[in-house]
Amino acid sequence: KAMVEAAEGRARQAGAFPNPEAILGAQQLPLSGNQPNEKEYLAGVGQTIPLGRRLSTEREAELLDREVRARGLEVKRREIRKRVHNAFATALYQERAWQAQSEIHQNTAKAVAATRARVEAGDTVRDDLARVEMDLARAKVELQRAESLRAQALVGLASAMGDATLTVKSLAGTMDATFEIPALESLVANLSAQPESAQADADIRARMARVDLAKAERIPDVKVELLYHRLEASSANTFDVGLSIPLALFNRNQGKLKEARAEQAAAEARARMTRNELSTRLRESYLQLTSALNSSRTLKSEILGRADTVLKIAEARYAAGDISLTDLLPVRRDWAAVQLSYLESLREVMQAWAEVKSFQ
């Protein structure tokens, strides 16, 4: 924003008519008393008059430069919004992952207590207790890791919002919201309205204005002087008019004009590259969104429910003594892995959705 204000200040200054010059002087002042009194006093003004529409062209160039910076500010704001959205998605995922790990740890702790009771009752061997205690230790490590990642994600969210010292105590939101994918054709048609495209187009116009300014500066400014003379000896008053015009013999602004044309060509090349990058980024984000949505929907509709069913059956069979703890533990690990995979797929959906949504 400060850079936009700076460009606005330059635009306000550009095109201002040059200030007039006050001229005061004395001529033929005697160095000794025996010289004749031929002193002359003069006063007047001088005014530089720009020609060739230089002032209006300069102001137009500065106004276009301000537009470039304003468009750049829009790009930065959108980048910040996306960064905050991604940080929120990561923080929400780590929050849900921590909750899932807490549930896994609690269930494993209950399994340890139940197994210990069965060992004391003589219904199982101590090897089973050792195995489930190992699972509890693993669950504790994963819970501690989840707590650390959750804290880091909250710090990252605060930093994305502009203040890393901000304390984020809780998050409100759902990861399994319903997302409708917009048509790719409508998004492609809207690429020219993106802030990056608008900034590139404004940059081209600004560089074209600099070319026009370099051409206008080849026409030299004219300086007009109006002088009043007073002759001391005869008390005569005279009036002089002067006009000075630089002769463009050596410096015709060739270098600056060549530079401006090269900058215009560079801006046109950057605009083509920007449009290509936007198109590529849109198509990649669109593919990522569709893939992430398909994965999350598959996990939700075909795997999560079955994983719950398999775990409940295994828990019931273990309680009835039909299977051993060795058979039950892999089922529990698979169930936990499915829960975390689903949360990860939802995070990918949220991040890809934020990228695609920015093209609307």
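**Reading burial, salt bridges and pockets**

Tutor: Aspartate 203 counts as buried, at 11% relative accessibility. Buried means under 20% relative accessible area, exposed means over 50%, and partly exposed lies in between (1.4 Å probe, protein chains only).

Student: What kind of model is this?

Tutor: It is a predicted model: local features need pLDDT of at least 70, side-chain atom pairs count only at pLDDT 80 or more, and totals for chains, interfaces and linings use all residues. Residues are numbered from 1 along each chain as its sequence is written, and side-chain values use heavy atoms, without hydrogens or water.

Student: Which residue pairs with aspartate 203 in a salt bridge?

Tutor: General idea first. Side chains of opposite charge can pair when their charged atoms come close. The rule here is a side-chain nitrogen of Lys or Arg within 4 Å of a carboxyl oxygen of Asp or Glu. Now the case. Aspartate 203 is bridged to arginine 270, with the closest N and O atoms 2.7 Å apart. Arginine 270 sits in helix 6 and aspartate 203 in helix 5, so this bridge ties together parts that are 67 residues apart in sequence. Helices here are DSSP runs (H or I, at least four residues), as are strands (E, at least two), numbered from the N terminus.

Student: Is arginine 270 buried or partly exposed?

Tutor: Arginine 270 is partly exposed, with 34% relative accessible area.

Student: How many salt bridges does the rule give?

Tutor: The count is 23. Take glutamate 196 and arginine 78. Their side chains meet at 2.5 Å, N to O. Glutamate 196 belongs to helix 5 and arginine 78 to helix 2, so the bridge joins parts 118 residues apart in sequence.

Student: How accessible are glutamate 196 and arginine 78?

Tutor: Glutamate 196 is buried, at 13% relative accessibility. Arginine 78 is buried too, at 5%.

Student: Which residue does glutamate 95 bridge to?

Tutor: Glutamate 95 meets arginine 150, at 2.6 Å from N to O. This pair also links distant parts of the chain: arginine 150 is in helix 3, glutamate 95 in helix 2, 55 residues apart. Check both ends. Glutamate 95 is buried at 12% relative accessibility. Arginine 150 is partly exposed at 21%.

Student: Now pockets. How much space lies in the largest pocket?

Tutor: Start with the method. Rolling a probe the size of a water molecule over the atoms shows where empty space is left. On a 1 Å grid over the protein atoms alone, a pocket is an open set of points where a 1.4 Å probe fits, with protein on both sides within 12 Å along at least five of seven lines; lining residues have an atom within 4 Å of a point. Volume is the space filled by probe spheres set on the points, which are joined across faces, edges and corners. The largest pocket holds about 370 Å³.

Student: Which residues lie nearest the centre of the largest pocket?

Tutor: The lining has 16 residues, and Ile104, Thr108, Arg332, Arg333 and Ala336 lie nearest the centre. Helix 2 (54-121), helix 3 (126-160), helix 6 (254-320) and helix 7 (325-357) each supply at least two lining residues. Helix 7 gives the largest share, six residues.

Student: How does that lining divide by class?

Tutor: It has seven nonpolar, three polar and six charged residues. Nonpolar means Ala, Val, Leu, Ile, Met, Phe, Trp, Tyr, Cys and Pro; charged means Asp, Glu, Lys and Arg; the others, Gly among them, are polar.

Student: What volume does the second largest pocket have?

Tutor: About 300 Å³. Its lining has 15 residues, with Glu196, Gln199, Ala200, Arg270 and Thr274 nearest the centre. Helix 2, helix 5 (195-216) and helix 6 each give two or more of them. The largest share, eight residues, comes from helix 6. By class, the lining has seven nonpolar, two polar and six charged residues.

Student: How do I compare sequence distance with distance in space?

Tutor: Alanine 61 and serine 279 are 218 residues apart in sequence and 29 Å apart in space. Alanine 61 is in helix 2 and is buried at 0% relative accessibility. Then take proline 18 and threonine 298: 280 residues apart in sequence, 72 Å in space. Proline 18 lies in the loop between helix 1 (2-13) and strand 1 (21-27), and is partly exposed at 24%.
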